[in-house]
Amino acid sequence: MAGGGSAAGKGNAPSVRIVVAGDAKTGKSSLILTAATDSYPPNVPPVLPPTRLPDDIYPDRVPVTIIDTSSSPENRGKLVEELKRADAVVLTYACDKPATLDRLSTFWLPELRRLEVRVPVIVVGCMLDKRDEQIPVSLEQVMSPIMQQFREIETCIECSAYRHIQIPEVFYYAQKAVLHPTAPLFDQEAQTLKPRCVRALKRIFILCDLDRDGALSDAELNDFQVKCFNAPLQPSEIVGVKRVVQDKLPDGVNERGLTLTGFLFLHALFIEKGRLETTWTVLRKFGYNNEIRLSEDQLPTPIKRQPDQSVELTNEALDFLRRIFHTFDIDSDEALRSNELDDLFSTAPENPWSEAPYKDAAEKDALGGLSLDGFLSEWALMTLLDPIYSVENLIYIGYAGEPSSAIRVTRRRRLDRKKQQSDRNVYQCFVFGPKEAGKSAILSSFIGRPFPEEYESTTADQYGVNTVDLGGTKKILVLREIPEDGVKKLLSSKDALADCDIALFVHDSSSEASWKRAADLLVDVASHGEATGHEVPCLIVAAKDDLDPYLTEIQDSTRVSQDLGIEAPIPISTKLGDFSNLFRRIVNAAEHPHLSIPETEAGRSRKQYHRLINRSLMFVSVGAAVAVVGLAAYRVYAARKNASS
């Protein structure tokens, strides 16, 4: 593999912006002017305007803009603003003034961290010509302790604008640090490729291994070289590459060609030798940005949809996922264990389900494995909550179709209510209720977790997702538990209920206070739906049916459900495993969203008022029409009378 040029950094940005900062009188402006004009300036203004270097000054041919700054207190705001817009920072000190070098570690570098300026830093010793040559100083000796403490320092260099020593190199290293940064690729302490870099290179290796034999043949290596660097490898070069690998790493090459181990070793070798542009060229040719994620142009464009539309995977994507499931189910036990899941996501930047809200959201078997239903449920949840992220991960694991073909936007919920039928495959149910009502226990039971013996308060939204069999047809149900303390914040948004297919109101049937709070929440949610046009079907759940109900529980809950025009409360006991077909009933109600929508007293009054207004308008319209007809008849009569006279 040979090196080659690449596109610009930060997600293929059009230019590189380098900010030069440091103490006063350390040579900032002279450094910039000499680089831009190739001559030492006799007179230097206090602060230069933005300076553009010629596009062809460096091999990458990427425009470089250099920003000069003042370190005076009155210009502090401008300095901070420029630092936060920087792609790279050049920090200067004067080689003849040791105090300015000390200031790097006591002020400038800590200040960059405090301002959260997370870009490569190039430390530059200016005015090298003024240093006392009688005192030998090793740059490595001086800078090594600082670089150990501040890993953001990419390079250290000394220069002289007056004598034209290493001036172009300063901004070359700064540009290179932006276009080909070390930090995302390589752990300099451990001297190894970083995990995300390994994962991306593994995916690239698999994409180039066309015959899927676990090695890149000479032909595949040549195709790879042409794709990345627009130049073929000579047979002698291929032999040379494989010999270099085999000498250092015997299992890096086998009879079929270069193995993944050898491919990774080559990239580590390039980076160690300072040829980061080679690895970055490869990554960018395969669509990666500086964070080693797929860049935006590799993903679907932002999805245009109304708040009450959701996103689901298409049949094409689901078929792909079924094939992937069986491919990675190595032991053929119809479940993906943690090691098999890790293997499946080993070509993604990380396992997307290792953190909330996806972690432990789907049903697992006794050994912690995900069934096919559980696997598809996790994907459905990710697609519902973050469709672009879902497609991104589909591509990482091998989805080769057009990215936009993996997802579809559903019909508006408002239209579903009018048509009295929903055609969704994935339904989201918001689970409301007071503390200790049994919300979490319902979620746990839904995904096969044992009944929790001790109560734990839920402080953030929790998700549970599973398939529900409706007698031959499977739908995916997402339960989203809303903590009682989070309801007010949720309902502060106009579109709070737009992505809710059905709402569940859970109360402890043995506690009158629990019922009253659940009833209040139901009215709050129903009122919000009526006011915003996002009405949702609602069901009431009387949990803890294994306990004695409070005295008037049945009468109270029946009266409220009748007043609101919804189904009577569903009694369940998660402790006894008695759910009265709850999850099937939730899906049925979501599929027919017009049947279980509560109507509050205020809502009824509003409807009655609108009916009266409409009738009045109709009466006025009819009256106006009669008047128009009468006027026309009068005009005809008058015309005839005039004619006869």
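## Cores and helix packing in a predicted model

Of the 75 residues in the largest nonpolar core, I204, F375 and W379 touch the most other members. A nonpolar core is a set of buried Ala, Val, Leu, Ile, Met, Phe, Trp, Tyr and Cys residues joined through side-chain atoms within 4.5 Å. Buried means under 20% relative accessible area, with a 1.4 Å probe and protein chains only.

This is a predicted model: local features need pLDDT of at least 70, side-chain atom pairs count only at pLDDT 80 or more, and totals for chains, interfaces and linings use all residues. Residues are numbered from 1 along each chain as its sequence is written, and side-chain values use heavy atoms, without hydrogens or water.

Which residues does F375 touch, not counting residues up to four places away in sequence? They are L321, I324, F325, L336, L341, L344, W353 and L370. Contact here means heavy atoms within 4.5 Å. A second, separate core has 30 residues, including V62, V124, M127 and A174. In soluble globular proteins, nonpolar side chains tend to be buried together.

### Two helix pairs

Helices (H or I, at least four residues) and strands (E, at least two) are DSSP runs, numbered from the N terminus. Axes are lines fitted to C-alpha atoms, for helices over the stretch in contact, and angles run from 0 to 180 degrees between N-to-C directions.

| Helix pair | Axis distance | Angle |
|---|---|---|
| Helix 4 (residues 98-114) and helix 5 (residues 139-149) | within 11 Å | roughly 20° |
| Helix 10 (residues 260-272) and helix 11 (residues 276-285) | 7 Å | about 135° |

Helix 4 and helix 5 are therefore roughly parallel, as angles under 35 degrees count as such. L101, L109 and R113 of helix 4 meet V142, M143, I146 and Q149 of helix 5. By class, this contact has five nonpolar, one polar and one charged residues.

Helix 10 and helix 11 are therefore oblique. H267, F270 and I271 of helix 10 touch L276, T278, T279 and V282 of helix 11.

### A covered helix

Helix 17 (residues 439-446) is mostly covered, with six of its eight residues buried. Those six are K439, A441, I442, L443, S444 and F446. Their cover includes strand 14 (426-432), strand 15 (462-469), strand 16 (474-481), strand 17 (502-508), strand 18 (538-543) and helix 21 (582-591). Just after helix 17, G448 takes a positive phi of about 80°.

Conventions: Parallel < 35°, antiparallel > 145°, perpendicular 65-115°, else oblique. Nonpolar A, V, L, I, M, F, W, Y, C, P; charged D, E, K, R; others polar. Buried < 20%, exposed > 50% of the residue type's maximum accessible area, 1.4 Å probe, protein only.
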